[in-house]
Number of protein chains: 2
Amino acid sequence: MDDDRLLLLKAVEIATEGIRNGGGPFGAVVAREGKIIAEAYNQVTLKNDPTAHAEIQAIRQAASFLKSYDLRECTLYSSCEPCPMCLGAIYWAGITKVVYASDRNDAASAGFSDNIIYSEIMLDPSDRKISFIRMAEKEGSKVFKRWNEFEEKTPY
Amino acid sequence: MDDDRLLLLKAVEIATEGIRNGGGPFGAVVAREGKIIAEAYNQVTLKNDPTAHAEIQAIRQAASFLKSYDLRECTLYSSCEPCPMCLGAIYWAGITKVVYASDRNDAASAGFSDNIIYSEIMLDPSDRKISFIRMAEKEGSKVFKRWNEFEEKTPY
(Lines give C-alpha, C1' and ligand atoms only; values in the text may rest on other atoms or scores of the structure.)
Protein backbone atom coordinates (compact mmCIF):
# COMPACT_ATOMS: atom_id res chain seq x y z
CA MET A 1 0.00 0.00 0.00
CA ASP A 2 1.54 3.34 -0.92
CA ASP A 3 2.16 6.14 1.58
CA ASP A 4 -0.62 8.41 0.27
CA ARG A 5 -3.22 5.72 0.78
CA LEU A 6 -1.91 4.87 4.24
CA LEU A 7 -1.94 8.51 5.38
CA LEU A 8 -5.41 9.04 3.90
CA LEU A 9 -6.71 5.99 5.77
CA LYS A 10 -5.29 7.55 8.94
CA ALA A 11 -7.36 10.70 8.23
CA VAL A 12 -10.44 8.49 7.71
CA GLU A 13 -9.73 6.71 11.01
CA ILE A 14 -9.50 10.10 12.78
CA ALA A 15 -12.87 11.08 11.28
CA THR A 16 -14.41 7.96 12.84
CA GLU A 17 -12.71 8.79 16.13
CA GLY A 18 -14.26 12.28 15.82
CA ILE A 19 -17.78 10.81 15.69
CA ARG A 20 -17.03 8.63 18.73
CA ASN A 21 -15.78 11.67 20.68
CA GLY A 22 -18.75 13.90 19.92
CA GLY A 23 -17.13 15.83 17.05
CA GLY A 24 -18.09 16.03 13.37
CA PRO A 25 -17.43 13.21 10.84
CA PHE A 26 -14.32 14.67 9.24
CA GLY A 27 -10.64 13.93 9.84
CA ALA A 28 -7.42 15.43 8.47
CA VAL A 29 -3.71 14.80 8.64
CA VAL A 30 -0.82 17.04 7.55
CA ALA A 31 2.37 15.21 6.63
CA ARG A 32 5.84 16.35 5.60
CA GLU A 33 8.20 13.92 3.88
CA GLY A 34 5.70 11.16 4.63
CA LYS A 35 5.69 11.87 8.39
CA ILE A 36 2.56 13.07 10.19
CA ILE A 37 3.09 16.47 11.84
CA ALA A 38 -0.56 17.28 12.65
CA GLU A 39 -3.90 15.50 12.89
CA ALA A 40 -7.38 16.63 13.86
CA TYR A 41 -11.07 15.92 13.60
CA ASN A 42 -13.91 18.41 13.22
CA GLN A 43 -14.59 20.11 16.57
CA VAL A 44 -17.12 22.78 15.60
CA THR A 45 -19.73 21.72 18.13
CA LEU A 46 -17.24 20.56 20.78
CA LYS A 47 -15.32 23.86 20.77
CA ASN A 48 -18.17 26.17 19.77
CA ASP A 49 -15.97 27.31 16.90
CA PRO A 50 -17.52 27.41 13.40
CA THR A 51 -14.01 27.44 11.89
CA ALA A 52 -12.86 24.27 13.70
CA HIS A 53 -13.04 21.99 10.64
CA ALA A 54 -10.57 19.10 10.62
CA GLU A 55 -8.43 20.68 7.89
CA ILE A 56 -8.26 24.13 9.53
CA GLN A 57 -7.26 22.58 12.85
CA ALA A 58 -4.62 20.37 11.24
CA ILE A 59 -3.20 23.31 9.23
CA ARG A 60 -3.01 25.50 12.35
CA GLN A 61 -1.26 22.70 14.27
CA ALA A 62 1.19 22.01 11.44
CA ALA A 63 2.05 25.73 11.14
CA SER A 64 2.55 25.95 14.88
CA PHE A 65 4.77 22.85 14.80
CA LEU A 66 6.89 24.19 11.93
CA LYS A 67 6.82 27.75 13.35
CA SER A 68 5.88 28.95 9.87
CA TYR A 69 2.71 30.03 8.04
CA ASP A 70 4.21 28.51 4.89
CA LEU A 71 3.37 24.82 4.52
CA ARG A 72 4.52 24.36 0.94
CA GLU A 73 6.41 21.16 1.76
CA CYS A 74 3.35 19.55 3.29
CA THR A 75 0.56 17.33 1.99
CA LEU A 76 -2.94 17.45 3.42
CA TYR A 77 -4.89 14.20 3.75
CA SER A 78 -8.59 14.66 4.38
CA SER A 79 -11.40 12.14 4.83
CA CYS A 80 -13.55 14.42 2.64
CA GLU A 81 -12.97 17.02 -0.09
CA PRO A 82 -12.17 20.30 1.71
CA CYS A 83 -15.01 22.87 1.81
CA PRO A 84 -14.42 26.36 0.36
CA MET A 85 -13.23 27.69 3.74
CA CYS A 86 -10.65 24.92 4.06
CA LEU A 87 -9.71 25.20 0.39
CA GLY A 88 -8.95 28.89 0.97
CA ALA A 89 -6.81 27.96 3.97
CA ILE A 90 -4.93 25.41 1.85
CA TYR A 91 -4.07 28.10 -0.73
CA TRP A 92 -3.01 30.64 1.91
CA ALA A 93 -0.81 27.97 3.55
CA GLY A 94 0.80 27.21 0.19
CA ILE A 95 0.00 23.49 0.39
CA THR A 96 0.41 22.00 -3.09
CA LYS A 97 -1.04 18.51 -2.72
CA VAL A 98 -4.34 17.34 -1.24
CA VAL A 99 -5.47 13.71 -1.01
CA TYR A 100 -9.10 13.03 -0.11
CA ALA A 101 -11.66 10.20 0.03
CA SER A 102 -15.30 11.41 0.05
CA ASP A 103 -16.41 14.44 -1.96
CA ARG A 104 -18.82 17.38 -1.58
CA ASN A 105 -21.78 15.26 -2.73
CA ASP A 106 -21.10 12.61 -0.11
CA ALA A 107 -20.88 15.44 2.47
CA ALA A 108 -24.28 16.72 1.29
CA SER A 109 -25.80 13.28 1.88
CA ALA A 110 -24.62 13.56 5.50
CA GLY A 111 -26.22 17.00 5.87
CA PHE A 112 -23.23 19.30 5.22
CA SER A 113 -23.95 22.13 2.82
CA ASP A 114 -20.62 22.68 1.05
CA ASN A 115 -22.50 22.83 -2.24
CA ILE A 116 -24.46 25.94 -1.21
CA ILE A 117 -21.21 27.74 -0.33
CA TYR A 118 -19.64 26.76 -3.67
CA SER A 119 -22.62 28.26 -5.51
CA GLU A 120 -22.70 31.41 -3.41
CA ILE A 121 -18.96 32.10 -3.65
CA MET A 122 -19.16 32.37 -7.44
CA LEU A 123 -21.82 35.08 -7.30
CA ASP A 124 -21.19 38.79 -7.19
CA PRO A 125 -21.33 39.81 -3.48
CA SER A 126 -24.50 41.83 -4.13
CA ASP A 127 -26.31 38.73 -5.50
CA ARG A 128 -25.67 36.45 -2.53
CA LYS A 129 -28.10 35.16 0.09
CA ILE A 130 -25.98 36.96 2.68
CA SER A 131 -26.41 40.71 2.56
CA PHE A 132 -23.11 42.24 1.43
CA ILE A 133 -22.92 46.03 1.82
CA ARG A 134 -19.97 48.10 0.65
CA MET A 135 -19.21 51.56 2.05
CA ALA A 136 -16.33 53.78 3.25
CA GLU A 137 -14.21 52.85 0.22
CA LYS A 138 -12.02 55.93 0.68
CA GLU A 139 -11.16 55.10 4.30
CA GLY A 140 -10.55 51.47 3.33
CA SER A 141 -8.11 52.36 0.57
CA LYS A 142 -6.00 54.42 2.99
CA VAL A 143 -5.15 51.19 4.85
CA PHE A 144 -3.58 49.57 1.78
CA LYS A 145 -1.80 52.84 0.90
CA ARG A 146 -0.25 52.81 4.36
CA TRP A 147 0.65 49.12 3.97
CA ASN A 148 2.32 49.73 0.60
CA GLU A 149 4.36 52.55 2.09
CA PHE A 150 5.26 50.75 5.35
CA GLU A 151 8.89 49.73 5.07
CA GLU A 152 9.06 47.38 8.05
CA LYS A 153 6.21 45.15 6.92
CA THR A 154 6.42 41.36 6.63
CA PRO A 155 4.80 40.71 3.23
CA TYR A 156 3.44 37.25 2.63
CA MET B 1 -23.46 58.72 10.88
CA ASP B 2 -25.29 55.40 10.96
CA ASP B 3 -24.19 52.44 13.08
CA ASP B 4 -23.00 50.34 10.14
CA ARG B 5 -20.64 53.06 8.99
CA LEU B 6 -19.34 53.64 12.51
CA LEU B 7 -18.66 49.95 13.10
CA LEU B 8 -17.01 49.60 9.69
CA LEU B 9 -14.73 52.55 10.45
CA LYS B 10 -13.77 50.76 13.67
CA ALA B 11 -12.75 47.71 11.58
CA VAL B 12 -10.70 50.03 9.33
CA GLU B 13 -9.04 51.57 12.39
CA ILE B 14 -8.14 48.07 13.64
CA ALA B 15 -6.58 47.28 10.25
CA THR B 16 -4.34 50.31 10.64
CA GLU B 17 -3.47 49.24 14.18
CA GLY B 18 -2.60 45.82 12.69
CA ILE B 19 0.01 47.37 10.40
CA ARG B 20 1.50 49.31 13.33
CA ASN B 21 1.75 46.14 15.42
CA GLY B 22 3.43 44.04 12.75
CA GLY B 23 0.28 42.27 11.54
CA GLY B 24 -1.40 42.33 8.12
CA PRO B 25 -3.47 45.29 6.81
CA PHE B 26 -6.90 43.86 7.55
CA GLY B 27 -9.29 44.47 10.45
CA ALA B 28 -12.66 42.99 11.43
CA VAL B 29 -15.35 43.52 14.01
CA VAL B 30 -18.30 41.28 14.94
CA ALA B 31 -21.28 43.08 16.44
CA ARG B 32 -24.59 41.92 17.87
CA GLU B 33 -27.43 44.40 18.27
CA GLY B 34 -24.98 47.17 17.37
CA LYS B 35 -22.54 46.23 20.15
CA ILE B 36 -19.02 44.99 19.38
CA ILE B 37 -18.43 41.48 20.77
CA ALA B 38 -15.15 40.70 18.94
CA GLU B 39 -12.43 42.54 17.05
CA ALA B 40 -9.18 41.44 15.44
CA TYR B 41 -6.56 42.25 12.86
CA ASN B 42 -4.71 39.86 10.57
CA GLN B 43 -2.05 37.98 12.55
CA VAL B 44 -0.83 35.43 9.99
CA THR B 45 2.83 36.40 10.27
CA LEU B 46 2.70 37.31 13.97
CA LYS B 47 1.17 33.98 14.99
CA ASN B 48 2.62 31.81 12.24
CA ASP B 49 -0.95 30.80 11.45
CA PRO B 50 -2.06 30.95 7.78
CA THR B 51 -5.72 30.95 8.92
CA ALA B 52 -5.34 33.98 11.23
CA HIS B 53 -7.15 36.43 8.97
CA ALA B 54 -8.95 39.26 10.76
CA GLU B 55 -12.40 37.81 9.99
CA ILE B 56 -11.53 34.25 11.11
CA GLN B 57 -10.07 35.56 14.36
CA ALA B 58 -13.07 37.81 15.02
CA ILE B 59 -15.53 34.97 14.24
CA ARG B 60 -13.69 32.59 16.59
CA GLN B 61 -13.69 35.21 19.35
CA ALA B 62 -17.38 36.02 18.87
CA ALA B 63 -18.33 32.32 18.96
CA SER B 64 -16.26 31.85 22.09
CA PHE B 65 -17.92 34.89 23.70
CA LEU B 66 -21.43 33.68 22.81
CA LYS B 67 -20.53 30.05 23.61
CA SER B 68 -22.12 29.09 20.30
CA TYR B 69 -20.95 28.21 16.79
CA ASP B 70 -24.11 29.88 15.48
CA LEU B 71 -23.62 33.61 14.89
CA ARG B 72 -26.83 34.27 12.98
CA GLU B 73 -27.64 37.36 15.03
CA CYS B 74 -24.28 38.94 14.29
CA THR B 75 -22.98 41.30 11.63
CA LEU B 76 -19.40 41.17 10.41
CA TYR B 77 -17.62 44.44 9.58
CA SER B 78 -14.42 44.03 7.62
CA SER B 79 -11.94 46.59 6.28
CA CYS B 80 -11.81 44.50 3.09
CA GLU B 81 -14.09 42.08 1.24
CA PRO B 82 -13.59 38.67 2.91
CA CYS B 83 -11.43 36.18 0.98
CA PRO B 84 -12.93 32.77 0.03
CA MET B 85 -11.65 31.20 3.27
CA CYS B 86 -13.32 33.88 5.38
CA LEU B 87 -16.43 33.79 3.21
CA GLY B 88 -16.71 30.09 3.91
CA ALA B 89 -16.36 30.75 7.63
CA ILE B 90 -19.11 33.39 7.42
CA TYR B 91 -21.51 30.85 5.87
CA TRP B 92 -20.64 28.13 8.37
CA ALA B 93 -21.18 30.63 11.22
CA GLY B 94 -24.58 31.56 9.79
CA ILE B 95 -23.76 35.28 9.66
CA THR B 96 -26.31 36.97 7.39
CA LYS B 97 -24.87 40.47 6.94
CA VAL B 98 -21.38 41.61 5.98
CA VAL B 99 -20.29 45.25 5.66
CA TYR B 100 -16.93 45.97 4.02
CA ALA B 101 -14.84 48.84 2.62
CA SER B 102 -12.11 47.72 0.17
CA ASP B 103 -12.63 44.86 -2.27
CA ARG B 104 -10.63 41.95 -3.72
CA ASN B 105 -9.10 44.20 -6.39
CA ASP B 106 -7.84 46.67 -3.80
CA ALA B 107 -6.40 43.67 -1.90
CA ALA B 108 -4.63 42.56 -5.09
CA SER B 109 -3.01 45.98 -5.42
CA ALA B 110 -1.54 45.45 -1.94
CA GLY B 111 -0.17 42.02 -2.91
CA PHE B 112 -2.90 39.70 -1.60
CA SER B 113 -4.00 37.04 -4.04
CA ASP B 114 -7.69 36.55 -3.24
CA ASN B 115 -8.43 36.63 -6.97
CA ILE B 116 -6.35 33.53 -7.66
CA ILE B 117 -8.27 31.59 -5.01
CA TYR B 118 -11.63 32.75 -6.42
CA SER B 119 -10.60 31.43 -9.87
CA GLU B 120 -9.24 28.15 -8.52
CA ILE B 121 -12.25 27.40 -6.31
CA MET B 122 -14.57 27.38 -9.32
CA LEU B 123 -12.54 24.72 -11.13
CA ASP B 124 -13.04 21.02 -10.87
CA PRO B 125 -10.54 19.76 -8.25
CA SER B 126 -8.61 17.85 -10.93
CA ASP B 127 -8.06 21.08 -12.95
CA ARG B 128 -6.55 23.14 -10.14
CA LYS B 129 -2.94 24.31 -9.68
CA ILE B 130 -2.93 22.32 -6.44
CA SER B 131 -2.77 18.60 -7.05
CA PHE B 132 -6.04 17.05 -5.83
CA ILE B 133 -6.02 13.25 -5.67
CA ARG B 134 -9.04 11.18 -4.76
CA MET B 135 -8.79 7.62 -3.44
CA ALA B 136 -10.24 5.28 -0.78
CA GLU B 137 -13.80 6.34 -1.63
CA LYS B 138 -15.23 3.18 -0.05
CA GLU B 139 -13.49 3.75 3.28
CA GLY B 140 -14.51 7.43 3.21
CA SER B 141 -18.18 6.65 2.66
CA LYS B 142 -18.23 4.39 5.73
CA VAL B 143 -17.59 7.49 7.89
CA PHE B 144 -20.75 9.25 6.71
CA LYS B 145 -22.74 6.01 7.00
CA ARG B 146 -21.64 5.77 10.62
CA TRP B 147 -22.51 9.47 11.16
CA ASN B 148 -25.96 9.04 9.67
CA GLU B 149 -26.63 6.06 11.94
CA PHE B 150 -25.10 7.64 15.10
CA GLU B 151 -28.01 8.57 17.34
CA GLU B 152 -26.14 10.72 19.85
CA LYS B 153 -24.67 13.10 17.25
CA THR B 154 -24.94 16.89 17.43
CA PRO B 155 -25.93 17.79 13.85
CA TYR B 156 -25.20 21.33 12.71
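Which strand of chain B do four bridges join to strand β5 (residues 131–134) of chain A? The partner is strand β4 (residues 97–102) of chain B, and the two run parallel. This is a predicted model, in which local features need pLDDT of at least 70 and side-chain atom pairs count only at pLDDT 80 or more, while totals for chains, interfaces and linings use all residues. Residues are numbered from 1 along each chain as its sequence is written, and chains are lettered from A and ligands numbered from 1 in the order in which they are written.

**How the two chains are related**

- A rotation of 180° with 0.0 Å of shift along its axis places chain A on chain B with an RMSD of 0.0 Å (a least-squares superposition on the C-alpha atoms of residues with pLDDT of at least 70 in both copies).
- That is how a two-fold axis relates two copies.
- In chain A, A:Met85 has the C-alpha nearest the axis, 1.9 Å from it.

**The contact between them**

- Chain A gives 76 residues to the contact and chain B gives 76 residues (residues are in contact if their C-beta atoms, placed from the backbone, lie within 7 Å).
- On the side of chain A that touches chain B there are 44 nonpolar, 18 polar and 14 charged residues (Ala, Val, Leu, Ile, Met, Phe, Trp, Tyr, Cys and Pro count as nonpolar, Asp, Glu, Lys and Arg as charged, and the others, Gly among them, as polar).

**The sheet that begins with β5 of chain A**

- Five strands make an open sheet of mixed pairing, in the order β5(A)-β4(B)-β3(B)-β1(B)-β2(B) (strands pair if DSSP finds at least two bridges between them; helices, H or I of at least four residues, and strands, E of at least two, are DSSP runs numbered from the N terminus).
- Its edge strands are β5 of chain A and β2 (35–41) of chain B, each pairing on one side only.
- Where chain A meets chain B, A:Ser131 has B:Lys97 in β4(B) as its bridge partner.
- Helix α7 (residues 137–149) of chain A lies across β5 of chain A together with β3 (74–80) and β4 of chain B, at about 60° to β4(B) (axes are lines fitted to C-alpha atoms, for helices over the stretch in contact, and angles run from 0 to 180 degrees between N-to-C directions).

**The sheet that ends with β5 of chain B**

- Another open sheet of five strands, also mixed, has the order β2(A)-β1(A)-β3(A)-β4(A)-β5(B).
- Strands β1 (residues 27–32) and β3 (residues 74–80) of chain A pair antiparallel over five bridges, and A:Val30 has A:Leu76 in β3(A) as its bridge partner.

Methods
Two residues are in contact if their C-beta atoms, placed from the backbone, lie within 7 Å.
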